[in-house]
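I opened the notebook to go through this structure entry by entry.

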Amino acid sequence: MSDTRRRVKVYTLNEDRQWDDRGTGHVSSTFVERLKGISLLVRAESDGSLLLESKISPNTAYQKQQDTLIVWSEAENYDLALSFQEKAGCDEIWEKICQVQGKDPALEITQDPIDESEEERFEEMPETSHLVELPPCELARLEEIADLVTSVLSSPIRREKLALALMSEGYMKKLLQLFQVCEDLDNREGLHHLYEIVRGVLFLNKAALFEVMFSDDCIMDVVGCLEFDPSLVQPKKHREFLTKTAKFKEVIPITDSELRQKIHQTYRVQYIQDIILPTPSVFEENFLSTLTSFIFFNKVEIVSMLQEDEKFLTEVFAQLTDEATEDDKRRELVNFFKEFCAFSQTLQPQNRDAFFKTLANLGILPALEIGMDDLQVRAAATDIFSYLVEFSPSMVREFVMQEPQQTDDDVLLINVVIKQMICDSDPELGGAVQLMGLLRTLIDPENMLAPTNKTEKTEFLSFFYKYCMQVLTVPLLASTVDEKNCKDNFQTAQLLALILELLTFCVEHHTYHIKTYIMNKDLLRRVLVLMNSKHTFLALCALRFMRRIIGQKDEYYNRYIVKGNLFEPVINTLLDNGTRYNLLNSAIIELFEFIKVEDIKSLIAHIIDNYYKALESIEYVQTFKGLKGRYEQEKDRQTLRLNSRYRRDPRTLDEDEEMWFNEDEDDDGEAIEKSRPEEEFPESYGKYMEAKKGKCLHSAVCVFNTTTCGMVCSPYTAMVGLVDYPDDEDEDEDEEQSPRKRPRLGS
């Protein structure tokens with residue numbers, strides 16, 4: 001029981017004024033010798049490590065919020081919070097804090113925070129200056145009140161004193177009653193003063209004041225005060241929007257009145273923060289941290305209350321999965337789950353995991369497939385899908401692999417997501433970028449290594465390339481028909497760049513599947529058409545795709561590139577770019593530099609044989625001369641190898657002949673032609689003379705020339721490539737049958 005009661009989550013407030021989760025543990029209060037005082041200790045429930053060690057200082061202001069939260073500041077811009085699982089545990093620790101500080105546990109704030117420097121000044125001031133005296137709450141004194149509130153914002157201690165004064169004797173409620181009087185009298189001057197007062201009170205950053213201001217009977221008056229900004233010619237109509245335009249939709253009636261009130265309050269406070277209040281300046285950023293915390297913990301409470309209401313969720317899912325549900329109702333249901341998932345991001349990690357497991361068990365993924373013809377439903381379902389992928393990629397993969405047995409390819413959930421990405425109407429493709437990230441997560445082998453399902457990677461990738469890859473590449477193939485970039489507008493270029501980024505990721509991580517797809521679709525040739533795009537970023541994406549392929553150093557890819565003459569568009573782009581020193585130029589040079597450094601012989605031979613005349617004039621880098629040097633070195637090496645092979649020492653003849661005659665009759669003999677002078681070798685690098693294998697039996701007529709140590713058995717010679725790949729005779733025959741395509745290089 002004690003473990004549950006003392007179980008807490010530790011939060012710290014980051015620079016963006018958002019609460020960061022530091023872990024879950026169990027809190028205790030004990031004397032720490034090193035700190036010389038009673039301290040709060042939180043040890044992690046996972047490994048017992050120390051998550052928090054904080055001395056209960058007599059001068060630190062601790063606040064108790066919403067029965068299960070204790071919040072305090074240990075230093076400037078360093079706020080801490082303990083979120084208790086149970087109210088009883090919070091009450092115990094609160095009593096201990098109050099005991100150390102000598103305060104009444106009935107208070108929600110122990111005392112006012114005072115800096116050391118301010119405390120010194122505080123002691124030097126006359127006794128009467130300790131207090132902030134508020135003028136009477138009257139129309140004639142509004143200007144005086146506004147000046148007072150504005151003047152204290154620069155002093156932390158005066159802010160604290162003013163907050164205490166405002167909380168006494170219902171002063172805030174009296175001010176808001178004056179607002180109604182001023183509005184009835186159309187007293188613009190008074191309304192402008194009230195704007196300054198309410199804005200200043202919000203910047204006091206006090207949860208106790210927020211509880212009063214955001215209560216049901218006060219919040220609309222607070223919004224009303226904030227409508228009368230003196231800098232505006234006409235007041236804004238925020239109350240009209242909140243009461244008439246903004247509609248609270250209950251997909252299923254919410255019977256819990258406390259939950260309804262919390263939802264209304266959170267929406268309105270969020271509206272005040274995001275819409276009404278101006279963006280805080282650098283000096284005002286910390287003034288609204290408590291307001292951010294107020295909204296954050298409200299959302300946590302809303303999600304928890306909804307999740308605990310089993311009847312509510314069951315009823316929502318029953319209507320969502322019922323195909324007879326009307327379209328308007330379905331839109332509301334899906335949008336509800338979208339908001340529900342968004343709010344869940346405020347939960348602690350273990351609670352968030354439990355939340356998504358609950359949704360999965362109730363059947364959220366099958367429910368998303370229903371009604372996908374509606375654009376609004378599809379957009380909301382895609383957002384929910386993104387939350388589920390972030391939670392558990394494996395769960396989503398397992399579901400989508402079962403779909404082909406139940407539905408057509410066109411309505412597969414993952415294909416719906418891909419189409420949503422392709423059809424994003426946002427000119428900046430904000431949604432498409434998000435969805436591309438989801439797809440990348442789903443197809444990333446790094447998160448497919450769960451030991452419980454070792455076949456997940458193979459099965460899912462086979463599924464993806466069978467059912468989904470053709471959908472993903474439709475825009476790419478459609479834009480490169482007849483080796484021309486048909487659509488070269490900015491939005492299409494952005495979309496193609498996203499697709500290429502995903503394909504480049506596949507080349508690096510999906511070796512076999514993507515290789516087969518590229519070969520079958522001749523995909524690299526289509527991608528390189530985009531090198532002609534007027535959008536340099538797209539040309540760079542196409543080049544990066546080729547660079548990643550060459551970076552695999554796979555001879556299958558290399559032969560595909562050589563056979564298709566696929567360096568031509570790259571070299572044409574380099575030559576068209578001229579002497580301009582830009583990113584495109586550098587990226588192309590780096591591609592050839594990589595080939596040179598890695599000494600990829602087949603590509604070096606192809607480049608020098610076919611393109612060196614066009615490239616030899618480029619002298620501002622040594623890359624191409626280096627490639628030529630590699631080419632010559634390999635040519636010399638082959639020549640020496642052939643000479644050493646054909647011009648052996650005559651004294652070795654007897655031993656070689658003896659070994660040859662001792663072989664079985666069925667062994668294949670090697671037919672070797674007499675060596676020729678070096679100059680008779682063809683100029684094309686990578687070609688040399690080699691004898692074809694043929695059978696030579698003892699009964700065959702063999703001529704031995706003892707002078708040159710040559711041996712000829714029905715010699716037959718042919719031209720073959722330097723890098724000889726077994727079982728590739730068919731490809732060689734194809735190349736011989738059709739003349740090699742010559743590049744059309746730009747001058």
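Is C468 buried or exposed? I looked it up and found C468 buried, at a relative accessible area of 0%. I use buried for under 20% relative accessible area, exposed for over 50% and partly exposed for values in between, with a 1.4 Å probe and protein chains only.

Before going on I noted that this is a predicted model, where local features need pLDDT of at least 70, side-chain atom pairs count only at pLDDT 80 or more, and totals for chains, interfaces and linings use all residues. Residues are numbered from 1 along each chain as its sequence is written, and side-chain values use heavy atoms, with hydrogens and water left out.

I then looked for disulfides, meaning pairs of cysteine sulfur atoms within 2.5 Å. The count came to zero.

**Salt bridges.** I took a salt bridge as a side-chain nitrogen of Lys or Arg within 4 Å of a carboxyl oxygen of Asp or Glu. By that rule I have 27 salt bridges.

One of them joins R7 to E45, at 2.9 Å from N to O. R7 is in strand β1 (residues 7–13) and E45 in the loop between β3 (37–44) and β4 (50–55), so this pair ties together parts 38 residues apart in sequence. Helices (H or I, at least four residues) and strands (E, at least two) are DSSP runs, numbered from the N terminus. E45 is partly exposed, at 40%.

Next I looked at D554 and K515, whose side chains form a salt bridge of 2.6 Å, N to O. D554 sits in the loop between α27 (536–551) and α28 (555–563), and K515 in helix α25 (residues 511–521), so parts 39 residues apart in sequence are tied together. D554 is buried, with a relative accessible area of 17%.

**Helix packing.** Which angle do α17 and α20 make? Helix α17 (residues 375–391) packs against helix α20 (residues 430–443) at about 40 degrees, with the axes 10 Å apart. Axes are lines fitted to C-alpha atoms, for helices over the stretch in contact, and angles run from 0 to 180 degrees between N-to-C directions. I wrote down α17 as oblique to α20, since angles under 35 degrees count as roughly parallel, over 145 as roughly antiparallel, 65 to 115 as roughly perpendicular and the rest as oblique. Residues in the contact (heavy atoms within 4.5 Å) include F385 of α17 and L438 of α20.
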